[in-house]
Amino acid sequence: FVSCMVWWTFEVVRAVGVCTISGATSKLYWYKEGQTQDGHRFPIWGAFKRTVTYHFGSMIFGAAVLRLATVFIWTLGYLSEQMKLKFADGTTQTIAKVVRCCLRCMICCLQRFVKYLTASSYVIIAIQGGSFCAATRRAFILMTSQARLLAMNDFATDVLTTTITLTVALLCSTITFVVLKYSGEFPNWFF
């Protein structure tokens, strides 16, 4: 029970973080010249206050839904592991392995979809407001109507994230190599 509460609390904190960043970004993105500066001097603080004041119930409910979905997914995973049968017949064992593999694939896809849908719901809550259920409905409709753009966006995000990760790793390793290789040529005050 305690571990479920810790996981749920972690999801609430993650939800508040997603909603805060989305709210600050949307506030700055749709800022018009001549508008008052209310909330634009410290946009993250303003978005955090809005999230905690107006949307905290939706964050708590969304985290609970995500945790319940995760428990359901874990139950499916447990059932999948229980399907490891020790039959003498090789054909039955092969069929059980194929079914278990398909079930694992479905579980993984379902888990990623639920996590992505709840994150999209938090973004819609931050931008438009409303309840978690209404935001989830809007997010699902948006995802199904713009599936091609969603796939392109996810692909571009994955490529960009991979490129940045590799660039940072290569840059750090190059700097480390140069420092170690030529450490005798640098003055002592450098280190």
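Me: Why are α1 and α4 called oblique to each other?

Reply: In this predicted model, the axes of helix α1 (residues 2–29) and helix α4 (residues 90–128) come within 8 Å and cross at roughly 45°. Angles under 35 degrees count as roughly parallel, over 145 as roughly antiparallel, 65 to 115 as roughly perpendicular and the rest as oblique. α1 and α4 are therefore oblique to each other. The axes are lines fitted to C-alpha atoms, for helices over the stretch in contact, with angles running from 0 to 180 degrees between N-to-C directions. The helices themselves are DSSP runs (H or I, at least four residues), numbered from the N terminus.

Me: Which residues make the contact of α1 with α4, and how do they divide by class?

Reply: On the α1 side the contact (heavy atoms within 4.5 Å) includes Arg14, Val18 and Ser22; on the α4 side it includes Lys115, Tyr122 and Ile127. The residues divide into 9 nonpolar, 4 polar and 2 charged. Here Ala, Val, Leu, Ile, Met, Phe, Trp, Tyr, Cys and Pro count as nonpolar, Asp, Glu, Lys and Arg as charged, and the others, Gly among them, as polar.

Me: What is the hand of the crossing where α1 passes α4?

Reply: The crossing is right-handed. That term applies if the near helix is turned clockwise from the far one by less than a right angle, and left-handed applies if anticlockwise.

Me: What makes α1 and α2 oblique to each other?

Reply: The axes of α1 and α2 come within 8 Å and cross at roughly 125°, and α1 and α2 are therefore oblique to each other. α1 passes α2 in a right-handed crossing. Among the residues that meet are Val16, Thr20 and Leu28 in α1 and Pro43, Ile44 and Phe48 in α2. By class, this contact has 8 nonpolar, 3 polar and 2 charged residues.

Me: Why are α4 and α5 described as roughly perpendicular to each other?

Reply: Their axes come within 8 Å and cross at roughly 110°; α4 and α5 are therefore roughly perpendicular to each other. The crossing of α4 and α5 is right-handed. Its contact is made by residues including Phe113, Leu117 and Gln128 of α4 and Phe132, Arg138 and Met143 of α5. These contact residues divide into 11 nonpolar, 5 polar and 1 charged.

Me: How much space lies in the largest pocket, and what lines it?

Reply: About 740 Å³ of space lies there. A pocket is an open set of points on a 1 Å grid over the protein atoms alone, where a 1.4 Å probe fits, with protein on both sides within 12 Å along at least five of seven lines; lining residues have an atom within 4 Å of a point. The largest pocket is lined by 16 residues, of which Tyr116, Ser120, Leu150, Asn153 and Asp154 lie nearest its centre. α4, α5 (132–145) and α6 (147–181) each supply at least two residues of this lining. By class, the lining has 9 nonpolar, 4 polar and 3 charged residues.

Me: Which helix gives the most to the lining of the second largest pocket?

Reply: α1 gives the most, with 4 residues. α1, α2 (43–54) and α4 each supply at least two residues of the lining, which includes Cys19, Trp30, Ala47, His55 and Ala126. About 150 Å³ of space lies in this pocket. Its lining has 5 nonpolar, 4 polar and 2 charged residues.

Me: How are residues numbered, and which pLDDT values apply?

Reply: Residues are numbered from 1 along each chain as its sequence is written, and side-chain values use heavy atoms, with hydrogens and water left out. In this predicted model, local features need pLDDT of at least 70 and side-chain atom pairs count only at pLDDT 80 or more, while totals for chains, interfaces and linings use all residues.

Note on methods:
Grid points are joined across faces, edges and corners, and a volume is the space filled by probe spheres set on the points.
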